Amino acid sequence: MNQPNPCQDGRGHQDGRDYQWGPTYPQDAAEYGRGFAQAPLAPLGGQGAPGLPGAPLLMIGDITVVQDSVMTPNGTLPLKGAVWNVTDLSRTEEKTPTHAVVLAVVFSVFCLLGLLFLLMKERRTTGFVQVGVAGGGRHHTTMIPATGPDTLYWVMGQVAHARLLSA
C-alpha cells in the first residue's frame with residue numbers, strides 16, 4: 001500500500017496494458033490450474049488413506065466411531081472394551097395454551113360445548129440427553145439437545161449399536 005496506483009491517471013500499466021482488477025495470471029497459461037498434480041482419490045470400501053482412520057460407522061454428537069477406535073475431542077480411545085452410558089436430562093411439559101382458554105371462555109357463554117377447548121394440550125420437550133464413553137484411560141461426555149420425546153429412543157438406539165461394536 002506504500003506504492004501509488006500506476007493507473008490512477010488513466011494511462012494504464014507501464015507496459016501499455018489496460019489495468020484490470022484481480023489477480024494476474026501468466027500470459028502463456030491457456031487454462032488456469034492446468035499442469036498441477038491431481039490429488040489422489042480416497043480408496044473405496046470404508047478404508048481411509050494410510051495413517052488415517054476409516055469411514056465413520058456411527059456419530060453420536062461429537063463422538064465418532066470408526067473401525068477400531070472412538071474419536072472424541074479429548075482424544076482417540078479403543079473401540080473394544082469401551083463403556084457407554086446414557087443419561088436422560090430432558091423433560092416434556094404439557095399445558096393448555098392461552099388461546100384455548102380464551103376460546104373456552106368466549107364459547108362457554110353461548111353453549112357449554114366451549115369447555116371442550118380446555119382439552120387442547122400443547123407438549124414441549126426441553127433439555128438434553130447426555131452420552132458418555134470411557135475406555136483406554138480416557139472419558140468423554142457429550143450433550144445432545146432433546147427436540148422431542150423420541151430423542152431419547154433415537155440416542156438409545158445409537159448407543160446400543162455402539163455397544164455391539166464395542167463388544
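First, the ground rules. This is a predicted model, where local features need pLDDT of at least 70, side-chain atom pairs count only at pLDDT 80 or more, and totals for chains, interfaces and linings use all residues. Residues are numbered from 1 along each chain as its sequence is written, and side-chain values use heavy atoms, with hydrogens and water left out.

Let's start with Thr64. Thr64 sits in strand 2, residues 63-65. Helices (H or I, at least four residues) and strands (E, at least two) are DSSP runs, numbered from the N terminus. Is Thr64 buried or exposed? Thr64 is buried, at a relative accessible area of 12%. Buried means under 20% relative accessible area, exposed means over 50%, and partly exposed is in between (1.4 Å probe, protein chains only).

What does Thr64 touch? Leaving aside residues up to four places away in sequence, Thr64 touches Pro56, Leu58, Met59, Ser69, Val70 and Met71. Contact here means heavy atoms within 4.5 Å.

Now the strand pairing. Strand 2 and strand 3 (residues 69-72) run antiparallel, joined by two bridges. Two strands pair if DSSP finds at least two bridges between them. Val65 faces Val70 of strand 3 as its opposite residue. These two strands make a hairpin, with three residues between them.

Strand 3 also pairs with strand 4. Four bridges link strand 3 to strand 4, residues 75-78, and the two run antiparallel. Ser69 stands opposite Pro78 in strand 4. Strands 3 and 4 form a hairpin too, with two residues between them.

On to charge. Side chains of opposite charge can pair when their charged atoms come close. How many salt bridges does the structure hold? There are two. A salt bridge is a side-chain nitrogen of Lys or Arg within 4 Å of a carboxyl oxygen of Asp or Glu.

One joins Arg91 and Glu93, with the closest N and O atoms 2.7 Å apart. Arg91 is exposed, at 51% relative accessible area. Glu93 is partly exposed, at 34%.

Arg123 and Glu94 also meet through their side chains in a salt bridge, 2.9 Å from N to O. Arg123 is in strand 6 (residues 122-135) and Glu94 is in strand 5 (residues 83-95), so this pair ties together parts 29 residues apart in sequence. Arg123 is exposed, at 66% relative accessibility. Glu94 is partly exposed, with a relative accessible area of 44%.
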